2 protein chains.
Amino acid sequence: MCVLAILDQADGYAYDIVTKLAGGVEMSEGTIYPLMRRLQNDELVTTYLAESEQGPPRKYYRLTAQGRRELQKLKAEWRAFVADVEKILGEDNE
Amino acid sequence: MCVLAILDQADGYAYDIVTKLAGGVEMSEGTIYPLMRRLQNDELVTTYLAESEQGPPRKYYRLTAQGRRELQKLKAEWRAFVADVEKILGEDNE
DNA sequence: CAAGGTACCTTGTGATGCAAGATAGATTTT
DNA sequence: AAAATCTATCTTGCATCACAAGGTACCTTG
């Protein structure tokens, strides 16, 4: 969901998502590359190559319309989940 | 974390946690029993048997002092995590 | 030319959630 | 009284997936 949300703002490439964009929500390279392939298989993103000024060409990912719909759905599920957890956590406290 | 939070309010047994207490955050029996053993191994809970009015005796779990500390720690981590995710989700939108 | 940064990717291991089934006591139904 | 259902415990096997570690290759800088 976080990767989809990031790509919703601007196209991006895996290495960048891992290193910079994910500040608090950390992810390693061993996670992102299989994940991106899954997103591609599910047709939530498309991909295109673009030259980089330094290093090898980058594989950019762009959200599809289906990806945007999926993101909205995941967001709604996420917020419902957070509400449920907070209901359990906050039953007396804090 | 949710199981610890539930046990923080009152001692409980696995079957009950799975069926009733977890309304939104669902969990199956194949999950809870190994989980309770892990919590026990980590000394976050202690256990005792109590007769039931119907069915076999119940194995109740009680939070230890360490369990309470762990819960506080997990809660803080959870809330930081939610904040980080919301920061990613809400970078432009609603 | 060696070192380090950028960027891609794969393999193997470990954790863990769940469906499915086993066991067994108590109650309810037929 | 036998059968079914509910309570409650637990195990086994499968699938998912995150990550560490390693590999490849390009480009820049010392």
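Guide: Before we look at this predicted model, one term is needed: a residue counts as buried when its relative accessible area is under 20%, as exposed when that area is over 50%, and as partly exposed in between.

Visitor: Okay, so is Trp78(B) buried or exposed?

Guide: Trp78(B) has a relative accessibility of 11%, and because the limit for buried is under 20%, Trp78(B) counts as buried.

Visitor: And what about Phe81(A)?

Guide: Phe81(A) comes out at 36% relative accessibility, so this residue counts as partly exposed.

Visitor: What do Phe81(A) and Trp78(B) form together?

Guide: They form an aromatic pair, with 6.1 Å from centre to centre and 80 degrees between the planes, which is an edge-to-face arrangement.

Visitor: Why does that pair join two chains?

Guide: Phe81(A) lies in helix H4 of chain A, while Trp78(B) lies in helix H4 of chain B, so the pair links the two chains.

Visitor: Which residues make up the aromatic cluster there?

Guide: One aromatic cluster is formed by Trp78(A), Phe81(A), Trp78(B) and Phe81(B); of these, Trp78(A) is buried at 11% relative accessible area, whereas Phe81(B) is partly exposed at 36%.

Visitor: Changing topic, which pattern does chain A follow along the sequence?

Guide: Chain A contains four helices and three strands, and in sequence order they run α-β-α-α-β-β-α.

Visitor: What's the radius of gyration of chain A?

Guide: Chain A has 16 Å, whereas a compact globule of 94 residues would have a value near 12 Å; along its principal axes, the C-alpha trace of chain A spans about 55 × 25 × 20 Å.

Conventions:
Residues numbered from 1 in each chain as written. Chains lettered and ligands numbered in written order. Predicted model: local features only at pLDDT ≥ 70, side-chain atom pairs only at ≥ 80, totals over all residues. Heavy atoms only, no water. Rg over C-alpha atoms; globule rule 2.2 N^0.38 Å. Buried < 20%, exposed > 50% of the residue type's maximum accessible area, 1.4 Å probe, protein only. Phe/Tyr/Trp six-rings, centres within 6.5 Å; stacked < 30°, edge-to-face > 60°.
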